Amino acid sequence: MAFTHTSPKKDEGVVATAAAPLLFSVLRRVSAWSGLIPFFLFLILFLFIPAISVFSQALHDADGSFGFSAMREAISGQNLDAFIFSLKFSAGAAFVGVVFGGFLAYAAATATRPRWLRNIVSSFSGVAANMGGLPLAFAFLSLLGRQGLGTKILNAFGWDLYAGDFKLGEVSGLITVYSYFNIPLMVLVTLPAIDGLKSSWREACANLGGSAWTYWRRVGLPILAPSLLGGFLLLFANSFSAYATARQLTDNSKIVPLRISFFLGGDISIGEDAVGYSLAAWMIILMGISMAAYWLLRRRAERWSNS
Amino acid sequence: MKQSRSQRALGRLLPTLVLIASAIFFAFPLLAMARFAFQNLQVIDLGWNNLFEKWSFSSITASFSDDFFAEALTLSLKLAVGTALFTLGLLIPTAVWVHLRLPKARVFVEFLTILPYVIPAIALVAGIVVVKPHARWFLNSDYSLIPFYVVLALPFTYRSIDTGLRAIDLKVLVEASRSLGSTWIATLFRVVIPNLRAAIISSTFLTVAVVLGEYTISDVLLKRTFPSFMAQYRQSDPRGGYALAILALLGTTLLFVAIGVLSKSRSTRPQQVSRSQENEILV
């Protein structure tokens, strides 16, 4: 256990910096951080080293020297198509998730009649938001696959799902399937924000002569905006990086995670190796940007929910 | 409020419609899968007229007798136990340390714990493939998955333990225990951990759910975990594959229901805590 040998002094160095010599305060600060060494070591070994290795492989040219050719190749030609395809369905799935998840959260938060309703929605969301992976893919294969029961029901109503270009592995299909975990995830993200909307704000708006529309346009939505936008980014990252579900639905190598695993599978010449890692590197960059923005937005959104 | 009657009716109708539509959307895939899995009929023949015919559990009992079933399930369960223990051993001391000695690092550590979202499983496994030639002695073992699964579960588990620590007055408890002459080890095991029981259990369940569902890493590294077995089994026997998926779903759902019940039982605590509990499942 890391902190068995700590000194019993527990003040945060506030007193120390004033009186004690500089060396002492530096030592104290070092000893305070030293308790995190096991955690940092763990992260370095099992998260940072793999991540850095991906970049080090990605930044190799064919002759083994440092260079950006693989990174460039990973965003050109078929690889670019894959990124565009993935961006398209991930943004679509995130948008659908934000809209429906937002409405569902609002409906659950404001419904007063069955008292258990809100609990059911939030508990179910907790389960469904984590329900990626194989079971989800299997469930949708049996509902909307070519022989799926839903496909048959729609057929009976005269809607041939597969007459157009619907496929579970194409944009429309992936959006449908990913909504299954995106909508609940959005519910979980926005419920606290919706709870943060005070009824006094609505009353104040009404007293000043504002309609429901005014309230939403001038008060409600601006306050929810950071949560909604943050939710969009979270759902986007979530959809973009999903592997297991997509893998079961399709062999479509236009989906970036599937493409990465295809390159990792290794039936390809050595020179193209770096392209797979470059795809992964671009993915990390993209996820980094979305999650950083999400983090900032969440800080901002918390301003209203803490009061 | 000035609202016409029709407007108000619309305001009530719309949420109801949203709720009904969601119920359909979320229930139907599961119901369809149940029919695929447990009705002993050709998929093509499934229709309204035979909705209640030939239901049986034969598909799932058949999958139990597959040679690799027990092997895969045992491996996944061992990985789950290993990951849960590793997680607790790593995160409890870290989180306690942050709360006691380094409160200003709280945001930083929390930021580190959501990094697995930035480096998703498929990118992580790409890194593992790179490192593999240099650490075969380690990565060839099935149990080498454990630390990586700890990483994947980190956003959930750390948050759960952190929330638990926020709900108790850690500093006072520890100072009381220390001033009564207890050692650090005794304080940890007899004061801190008992007070964190609910958080520990829910973080353990979250870990187990993550491990039993993890497919990306084990698929790319060709490990025979339960999800990999499930995917493979479906190739030879689709009905059995669907049945296993339902079983896995039921298991995970039970874990999450248990987490829900646990966090409810702490609802005597201040409102703020129970609210942040609500989304401990995610970032």
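**Helices, interface and salt bridges**

Modeller: Helices H9(A) and H11(A) make a right-handed crossing. Keep in mind that this is a predicted model.

Biologist: At roughly what angle do the axes of H9 and H11 of chain A cross?

Modeller: At roughly 155 degrees, and the axes come within 10 Å. Angles over 145 degrees count as roughly antiparallel, and H9(A) and H11(A) are therefore roughly antiparallel to each other.

Biologist: Which residues make the contact?

Modeller: On H9(A) they include A:Tyr178, A:Phe181, A:Leu185 and A:Val189. On H11(A), A:Leu224, A:Leu228, A:Gly231 and A:Leu235 are among them.

Biologist: Another pair, then. At what angle do H7 and H8 of chain A pack?

Modeller: H7 covers residues 133–144 of chain A and H8 covers residues 149–156. They pack at about 25 degrees, with their axes 3 Å apart. Under 35 degrees counts as roughly parallel, so that is the description for H7(A) and H8(A).

Biologist: Which residues make the contact there?

Modeller: H7(A) brings A:Ser142, A:Leu143 and A:Leu144, while H8(A) brings A:Leu149, A:Gly150 and A:Thr151. By class, that contact has three nonpolar, three polar and no charged residues.

Biologist: Changing topic: how many residues does each of chains A and B put into the contact?

Modeller: Chain B gives 93 residues and chain A gives 92. The two chains bury about 8400 Å² between them, and 78% of that is on carbon and sulfur atoms.

Biologist: Which three residues of chain B supply more of its buried area than any other three?

Modeller: B:Phe26, B:Trp97 and B:Arg101, which supply 9% of the area that chain B buries against chain A.

Biologist: How many salt bridges are there between chain B and chain A?

Modeller: Two. B:Asp219 forms a salt bridge with A:Arg247, and their closest N and O atoms are 2.6 Å apart.

Biologist: And over all chains, what does the count come to?

Modeller: Eight salt bridges. One joins the side chains of A:Lys254 and A:Glu170, at 4.0 Å from N to O.

Biologist: Where in the chain do A:Lys254 and A:Glu170 sit?

Modeller: A:Lys254 is in the loop between H12 and H13 of chain A, and A:Glu170 is in the loop between H8 and H9. They are 84 residues apart, and the pair links distant parts of the chain.

Methods. Residues are numbered from 1 along each chain as its sequence is written. Chains are lettered from A and ligands numbered from 1 in the order in which they are written. This is a predicted model: local features need pLDDT of at least 70, side-chain atom pairs count only at pLDDT 80 or more; totals for chains, interfaces and linings use all residues. Side-chain values use heavy atoms; hydrogens and water are left out. Axes are lines fitted to C-alpha atoms, for helices over the stretch in contact, and angles run from 0 to 180 degrees between N-to-C directions. Helices (H or I, at least four residues) and strands (E, at least two) are DSSP runs, numbered from the N terminus. Angles under 35 degrees count as roughly parallel, over 145 as roughly antiparallel, 65 to 115 as roughly perpendicular and the rest as oblique. Contact means heavy atoms within 4.5 Å. Ala, Val, Leu, Ile, Met, Phe, Trp, Tyr, Cys and Pro count as nonpolar, Asp, Glu, Lys and Arg as charged, and the others, Gly among them, as polar. A crossing is left-handed if the near helix is turned anticlockwise from the far one by less than a right angle, and right-handed if clockwise. Buried area is the accessible area (1.4 Å probe) that two parts lose on being put together, summed over both.
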